[in-house]
Amino acid sequence: MCKLLLFFSIVLLLFSCNVVKRVKADEHLITKNTILEDGKVNKEERINNIIIQKTNLGMDGFFGFPLRLHVYNLARPNIDSIINANILSDSTKVKRKIGLLSKKQFDRYIQSKRNFNSWLKRTGEAPRILDESKTKKTVNYLRNYYNSRGWLKNEVEYTIERDSNKRAKVTYKVTKNQPFILDSIKPFISSPAIDSLYSRFSKKSLLKKGEQYDVANYENERERITNYLRNNGFYYFGQEYISFITDTIGTNSKVNTELIIANRSIRGEDSTTTVPFKTYKIKEINIFTDNNFENQFKAISDTTIFKDYNLYSKEKLKFRPKALTDAVFINKGDKYSDLARSRTSRYLNDLQMFRYPRIIYQENEADTTLTANIFLEPRKKYQLSFDLDVSQSNIQKVGFSFGTGLKIRNVFRGAETLELSGIAAIGASEDGADTEDTFFDINEFGGNIRLTIPRLFTPFKTDSIIPKYMSPSTAINISTTSQQNIGLDKQTLSGLLSYNWFPSKAVTNTLEFFNVQFVKNLNTSNYFGVYSNSFRRLDNIARDIGYIDSDESLENPSNSFGPADTFINDVLSGNTSLTSGDDDFIAVNNIDERKQRLTENNLIFSTSFDYKKDKRTNIFDNDFSIFKWRVELAGNFLSTLSEALGSTENENGNYEVFGVAFSQYFKTEIDYVKYFDLGRNNVFAFRSYAGIAIPYGNSNSIPFAESFFAGGPNDNRAWTAYNLGPGSSNTTNEFNEANFKIHLSAEQRFGLFGDLRGALFVDAGNIWNVLDNVEEDAATFTNVDSLKDIAVGSGFGLRYDFNFFVLRFDIGFKTYDPSQNEGERWFKDYNFRNAVYNIGINYPF
């Protein structure tokens, strides 16, 4: 650790001595900008962004290390002169080089020096030289900003601190003085139709008497009024018709406002006329169902009138009329509404049946109405996809998989989508060549059927609870897979009925009304062949107590683990020298408990609800939060049904369905992510997560598929996946899992140069067993004291942004390892040799 810190200290020292290398004698490198607001430093990003002349990237960052400036300083400003002086001017050197290289190679050698020098300049960043004219402009911009926020009598001045080392610091001193307060607001509205609505839309005005003057509120009020009027029939209204006049002269720091809404201007060929605004109603709605390039010149051959909608087709109508009209929020007789138009456009896009739906309004001048024309271009009914993959892993030398999928749109003429997919894989196991079996001895087959219905498929009317503008949909999914020579050779069958809807742009709700999963393990006798660490532990215990000789094994014959099962039974039955208090006895008991849990067949019948609120506005937004919450209940229906039917319990006191004891548990997860945009490619990201799954009733443990794990490239990056926990236990299991998890991550991301980003991170968390059948103290969460077992990892990473995805490389160091002895947990293996190297796609959170 000390060596690592010393290395970075030396690097920082060397570079810091070189920062003004390309700054001329009469110039100064600007190293710091400070805004003092009423004597206090203001670090708000939106205010500091007002400064025109920024420091070099990284100068005022996390380490104060301007990497790009240092790269630029490595370039030679007079590379041609240096080449001429050091190489070309010396004929002896030229002859010697040409003797080793051809003339063409020598020219390339010279050009490579120029190209590398140019690359350093392009990749680096030239020093930001102090320009006092830009400082004065910044002062004016700061004055304007504080003016816009209500401090109309603010004062701004600046000071420049230059030193003899060609560095300069600029300080802007802002005195806000007394703010101006809104007093009166008087409307002057030219159109009677708008004036009659003023009492309605002014109730929610953003301009409130007694509040501080803020230009942003005026802009937002202009937008609010515009939206209100355009959603109440004023089709031709726009923001340009709204203006404000403010008076602050002799008002004793108060602002009097006039709201002016002008009449409509109609431009002709030679003149412009002004008329009052009118409201427009929808006269009729026409839906052109197959408007595409191929049939653009064909005549309409099929006309259908459904309720108040006219449906026109150039070929036979392929949709049930209700499937299309349900997607339209524009109603005959209603006033024109931007909201109805945008909801219609969104819903039609969500159907994924049409390419670029268009809505065009046509004015009927005779009666002040509008005709809404909706043009739809259907996508292809059938879409076929293929996928081929070649892979290699620790269980197979080579593997080939082939997947295919068929998407059928409008399968029942109600805008439904049916997706059929399948996968077939074969592979050669690592020890397959040692047997007489076929080379490809691994296989996996699976199929999936998914039907998506663009509405809630229920026997009840749900429009009053979940209206159609929330784009509700239903998904019905059935899938199955079968494996051979992979792990325990699982067979799975699952079915799902779920409902999805979107109350707002930011919120997504998903209700899995029922989710049925059946998992059957066909090759449980191979458990110790898969979980070899557990077997080696058993083998060592058996030798240590003399159960077998030093040259014997519990695997006898090869790939047969019957002796291991016999040994477990003998230990737990007291037929060996081990007693219940011995560590080895406890270890055998834990191995047996884990084996029973991972080899048992699972039947899960659950209901869950997911809530997600994503405030990110676009992919470039770096100041947002995401909140996720999931709650799941499993087994309650089957338990109630078993009790009602008087079903008998098995020898363990559990009810069974089709010979399998079904799982019963409560599970919930909370996940919160927050991004802080610090400007100039600097982002601080934070994540907190907690999840718990509590077995009860028909279960005393959680199925493996529903357990939590820790570690990996998107979790605690100082541990590999499944390798952390549970608690402070020092297990050698291939997969560590438990039913309670806490995770925290913090990451500082910053720009280096070009599309290359850097990051420093700290991850903390662990998994524990709680309220289940695991008895090991070190793996169990008992009280608040168990939080001392939270593992901490830290490290750094690089990211390269390819625009459509981010390639990530992280190095994680075990900072606090709870599996170590107390007193040796901090920085025990904090070095590159014991670090974990992670490669991932996109950011971890």
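Which residues lie nearest the centre of the second largest pocket? They are Arg616, Tyr675, Asn842, Tyr843 and Phe845, out of 41 lining residues. Before going further, note that this is a predicted model, where local features need pLDDT of at least 70, side-chain atom pairs count only at pLDDT 80 or more, and totals for chains, interfaces and linings use all residues. Residues are numbered from 1 along each chain as its sequence is written, and side-chain values use heavy atoms, with hydrogens and water left out.

Back to that pocket, then. On a 1 Å grid over the protein atoms alone, a pocket is an open set of points with protein on both sides within 12 Å along at least five of seven lines, while a cavity is a set where a 1.4 Å probe fits but cannot get out; lining residues have an atom within 4 Å of a point. The volume of the second largest pocket is about 1,200 Å³, counted as the space filled by probe spheres set on the points. Strands S22, S23, S26, S27 and S28 each give at least two residues to its lining, and S26 (665–679) has the largest share, with 5 residues. (Strands here are DSSP E runs of at least two residues, and helices are H or I runs of at least four, numbered from the N terminus.) By class, the lining has 19 nonpolar, 8 polar and 14 charged residues.

What about enclosed space? The whole structure has 1 cavity of 30 Å³ or more, and the largest cavity holds about 30 Å³. Among the residues lining the largest cavity are Arg597, Glu737 and Asp772.

Now move to an open sheet of 3 strands, ordered S5-S7-S6 with mixed pairing; two strands pair if DSSP finds at least two bridges between them. Its edge strands, S5 (181–189) and S6 (242–247), each pair on one side only. S5 and S7 (254–261) run parallel, joined by 7 bridges, and phenylalanine 188 has isoleucine 260 in S7 as its bridge partner. Helix H10 (215–230) lies across S5, S6 and S7, at about 145° to S6; such angles run from 0 to 180 degrees between N-to-C directions, with axes fitted to C-alpha atoms, for helices over the stretch in contact.

Last stop: histidine 28, in the loop between helix H1 (2–16) and strand S1 (29–37). Histidine 28 is buried, at 17% relative accessible area, where buried means under 20% with a 1.4 Å probe and protein chains only. Beyond neighbours within four places in sequence, histidine 28 has contacts including Val23, Arg128 and Asp163, a contact being heavy atoms within 4.5 Å.

Technical notes
Nonpolar A, V, L, I, M, F, W, Y, C, P; charged D, E, K, R; others polar. Buried < 20%, exposed > 50% of the residue type's maximum accessible area, 1.4 Å probe, protein only.
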